[in-house]
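Here is a walk through selected side-chain contacts. Please have the viewer open.

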Amino acid sequence: MTAADPPALRLAGISKRFGGIVANDGISLTLGRGEVLALLGENGAGKSTLVSILFGHYVADAGTVEVFGRPLPPGVPSAALAAGIGIVHQHFTLADNLTVHDNVVLGTERLWSLRSDRAGARTRLLATAAKFGLRVDPDARVGTLSVGQRQRVEILKALYRDARILILDEPTSVLTPQEAAALFATLSKLVADGLSIIFISHKLPEVLRVSDRIAVLRAGKLVATVDSAGADGARLAELMVGRAVRRPVARDHARGDTVCVLTGAPAARVDGDALVDVSLSLRSGEIVGIAGVSGNGQEALAELLSGLVAATRGTVRVAGRALSPDPRNWTAAAVARVPADRFAVGVVADFSLWENAIAERYRNPFSIGGVLRRPAARRYAQAIVDRFDVRGAGLDAPARALSGGNLQKLILGRALTGGFLDPADFEPVLIVVSQPTWGLDVGAVADVHQRLLDASARGAAVLLISDDLDEVLAVSDRIAVIHAGRLTDARPAAAWTRAEIGLAMAGTPQEAARAA
């Protein structure tokens, strides 16, 4: 590229309001040809809005977008595609019942064509895959592919449409370490071929690894653009949240007796997520991390230990007692839960904050004879808001008004306080947390991790289920890996290597993993 060549992308003065909320405030950015620009920001910083404007899903209130020197018509996704912009979403947009070939070419052929040029499309698909090292079987049904393979298909979809600018949204959030390494190798080939990439991630080490420059948004404004070569993770975190982010600190404490035991317990959810003969023990004062690629039985395990599904055989005991599959029994036994899907399962989105705060403890202590004790309920909800720093809405606002991070604080506060105004009055025996920091910014992640470490130090047994291997390694005392509904032995965290965990996540036997 010469000095006279326009950049791949130029955003000038982009602003967008939603009512009284300023999502983007005069943002100006450039993306060079063959450059990787990382986009950082805490939840609600404006990243998603900016990308939606770029891709034509939103129309900016002010500002312009140019692609390779040409104005991009606002609010027209087809124009963005035609200009060479492709996007790979965090949650893939593939049809599981179609083949790789059909997913890639879907929507690229003219409606009035008399027949599909399948042979030509296949040749082009295979050539693109070979050029960038994206090995796929064109005839495989997407529903049979691993997560890493599905991501390759998403990237191929964009490249097949001649994308010259590729937006990757949290691209490694559900990948094994080996799959993430393969993705980074692919990105190097794409950049070498002249592709420009916007890389959105909360994982600072990989941002520093793959990007050329880093743009940081905070509260809708661009607060910094820095070269990756001279950037520091701690400084980036401070730029994102506007303050120094304190790293979670584990307190020295003794591990106690076993409080939860699963022995040969299979279970299944209605969506097919299932466990196969799972055995596990959890001790007071320890955090056991469950690593694995999403969809391998994690949610069945979380629901089994919350009383939502039943084991078809084997035993499930908490504090020496067998508990029936009734969530009220598990709640009464001081088992706290933080579900993976905070919006669909963690709260009733249209209920107010104070109603959601008491949702799992309505009968006791917030009602007498079926009559709601509204003042007590509101005092309790306010205590959670204050103690867990829940921001963004008042007690009477619907839960849907909260950002993901603040909603997670509300749910975590509800789980850890158990309906008591004084935290000293309640200590959970077991805490089951599933994907607790999914999509959260670095500041919110640090807060959640510190809360779990503190609960463990006070004597709770914590089961941490996470697709994020960095999270599992950061806070776990012991780690087990789940694959196809089967669980490995829970070994001390120091006894695992990242490579071993990654291979186990992919279903490789432990013996082979240790030899790798």
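Is Arg118 buried, partly exposed or exposed? Arg118 is partly exposed, with a relative accessible area of 43%. Here buried means under 20% relative accessible area, exposed over 50%, and partly exposed in between (1.4 Å probe, protein chains only).

This is a predicted model: local features need pLDDT of at least 70, side-chain atom pairs count only at pLDDT 80 or more, and totals for chains, interfaces and linings use all residues. Residues are numbered from 1 along each chain as its sequence is written, and side-chain values use heavy atoms, with hydrogens and water left out.

Start with the salt bridges (a side-chain nitrogen of Lys or Arg within 4 Å of a carboxyl oxygen of Asp or Glu). The structure holds 26 of them. One joins Asp102 to Arg118, at 3.0 Å from N to O. This pair links distant parts of the chain: Asp102 sits in helix H3 (residues 100-105) and Arg118 in helix H4 (residues 118-131), 16 residues apart. Helices (H or I, at least four residues) and strands (E, at least two) are DSSP runs, numbered from the N terminus. Asp102 is partly exposed, at 22% relative accessibility.

Move on to Arg414. Its salt bridge partner is Glu360, with the closest N and O atoms 3.9 Å apart. Arg414 lies in helix H14 (residues 404-417) and Glu360 in the loop between H12 and S17, 54 residues apart. Arg414 is buried at 6% relative accessible area, whereas Glu360 is partly exposed at 28%.

Arg491 has two contacts to inspect. In a salt bridge with Glu500, the closest N and O atoms are 3.6 Å apart. Arg491 is buried at 12% relative accessible area, and Glu500 is buried at 9%. Shared partners also build a network elsewhere: salt bridges join Arg337, Glu360 and Arg414. The charged end of Arg491 also sits over the ring of Trp496, 4.0 Å from its centre. Such a contact needs NZ of Lys or CZ of Arg within 6 Å of the ring centre and within 35 degrees of the ring normal.

Now the aromatic pairs. Rings of Phe, Tyr and Trp (its six-membered ring) pair if their centres lie within 6.5 Å; planes under 30 degrees apart count as stacked, over 60 as edge-to-face and the rest as tilted. The count comes to three. Phe18 and Tyr58 are edge-to-face, 5.3 Å centre to centre with 65° between the planes. Phe18 lies in strand S1 (residues 9-18) and Tyr58 in the loop between helix H1 (47-54) and strand S4 (62-67), so the pair ties together parts 40 residues apart in sequence.
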